[in-house]
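Hi,

Here is the structure I said I'd pass on.

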Amino acid sequence: MINKVINSFDEAVADIFDGAVILIGGFGPANGTPSYLLRALEKQGAKNLTIVMNTPGAGRTPPPKPGTPPPPMFRKTPPNYDNAGILIQNRQVKHVITSFPGMAPPGGGSALHDQLREGYLDIEITGQGTLAERIRANKAGIPAFYTATGVGTRVEKGKEVRVFNGRKYIMEHAIRADFALIRAYKSDRRGNLIYQGTSRNFNGTMAGAAKVTIAEVDELVELGQIGPENIVTHEIYVDRVVPRPAGWNKGA
């Protein structure tokens, strides 16, 4: 029987190697971010990584001073939430492909911006739609495509430009990734996935767009409990499924 379930996050990321290109799901809300997989990768320690995501996040921010309420954007953040910023803080990342590099958290600096200034890592900014298509293109076996987004801006610099129907387009290359770390709401043991709310965004796009897709899931269900018409990501795109621990959402 097909069973892709792995009960250890450490085991799930054990083969991520130095220099790997990693797609990381999520858009901003905590319920779309593979926090446990990111913590396991931080612990595993692979270096010189290229990470690809909508925004890496600020990592772990210092707690507010006693008597000071947290900023509005952090008030509803679950206590078990981490983002890709923890890999940057741990100096595991050399290249970032993102749409929004983020802002410095209140009361502190940003590891991403600090390391950019010191030359430790570099950042490639890509529009959200272009980023999604560069990821999807690799899944579809398309090596490159043309888009009007970025024409006449610094995004165009160094890229091939062609004219179609009297309009300029720039060529963008698909992102070839080694691993995709994504987050889903429910999965069965074969890796059929559904998502919750807006967490479908980049997670659904990234699933199957890397050589190995690892899905962190909120709930593991029996085969047949996800109706065929409700499946968003088919099992063929998923290589490993890791359920979050029981009681993970307490205090969220």
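Asn48 is partly exposed, with a relative accessible area of 42%; here buried means under 20% relative accessible area, exposed over 50%, and partly exposed in between, using a 1.4 Å probe and protein chains only. Before going on, this is a predicted model, where local features need pLDDT of at least 70 and side-chain atom pairs count only at pLDDT 80 or more, while totals for chains, interfaces and linings use all residues. Residues are numbered from 1 along each chain as its sequence is written, and side-chain values use heavy atoms, with hydrogens and water left out.

Back to Asn48: it sits in the loop between H2 and strand E2 (49-53). Helices (H or I, at least four residues) and strands (E, at least two) are DSSP runs, numbered from the N terminus. Asn48 has a positive phi of about 55° although it is not a glycine. Leaving aside neighbours within four places in sequence, Asn48 is in contact (heavy atoms within 4.5 Å) with Gly19, Ala20, Gln92 and Lys94. Take Lys94: it is 46 residues from Asn48 in sequence, but their C-alpha atoms are 5.0 Å apart in space.

Arg91 also has a positive phi of about 55° and is not a glycine. You'll find Arg91 in the loop between helix H3 (85-89) and strand E3 (93-98), where it is partly exposed at a relative accessible area of 33%.

**The whole chain and its cores**

The protein has 6 helices and 11 strands, and 44% of its 252 residues count as buried. Among contacts between residues at least 6 apart in sequence, 81% join residues at least 24 apart.

The largest nonpolar core has 31 residues. By nonpolar core I mean a set of buried Ala, Val, Leu, Ile, Met, Phe, Trp, Tyr and Cys residues joined through side-chain atoms within 4.5 Å. Ile16, Ile22 and Ile51 have the most contacts inside this core, and helix H2 (residues 35-44) gives the most to it, with 5 residues. Not counting residues up to four places away in sequence, Ile51 touches several residues, including Ile22, Ile24, Leu87, Val93 and Ile97. A second, separate core of 22 residues includes Leu23, Leu131, Ala177 and Tyr195.

Helix H5 covers residues 128-140, and its 13 residues should span 18 Å at 1.5 Å a residue; the end C-alpha atoms are 18 Å apart, which agrees. (The expected span is 1.5 Å times one less than the number of residues.) Which residues of H5 are buried? They are Thr130, Leu131, Arg134, Ile135 and Ala137. Seen down the axis of H5, these buried residues fall within an arc of 155°, so they line one face of the helix; the arc is that of the directions from the helix axis to the C-beta atoms. After H5 comes Gly141, with a positive phi near 80°.

There is also an open sheet of 3 strands, in the order E5-E7-E6, with antiparallel pairing. Two strands pair if DSSP finds at least two bridges between them. Strand E5 (144-147) and strand E6 (161-164) are the edges, each pairing on one side only, and the twist averages 40° from one strand to the next. H5 packs on this sheet, touching E5 and E7, and its direction makes about 155° with that of E5. Axes are lines fitted to C-alpha atoms, for helices over the stretch in contact, with angles running from 0 to 180 degrees between N-to-C directions. E6 is joined to strand E7 (residues 167-173) by 4 bridges, and the two run antiparallel. Arg162 stands opposite Tyr169 in E7.

Cheers

Conventions. Expected span 1.5 Å × (residues − 1).
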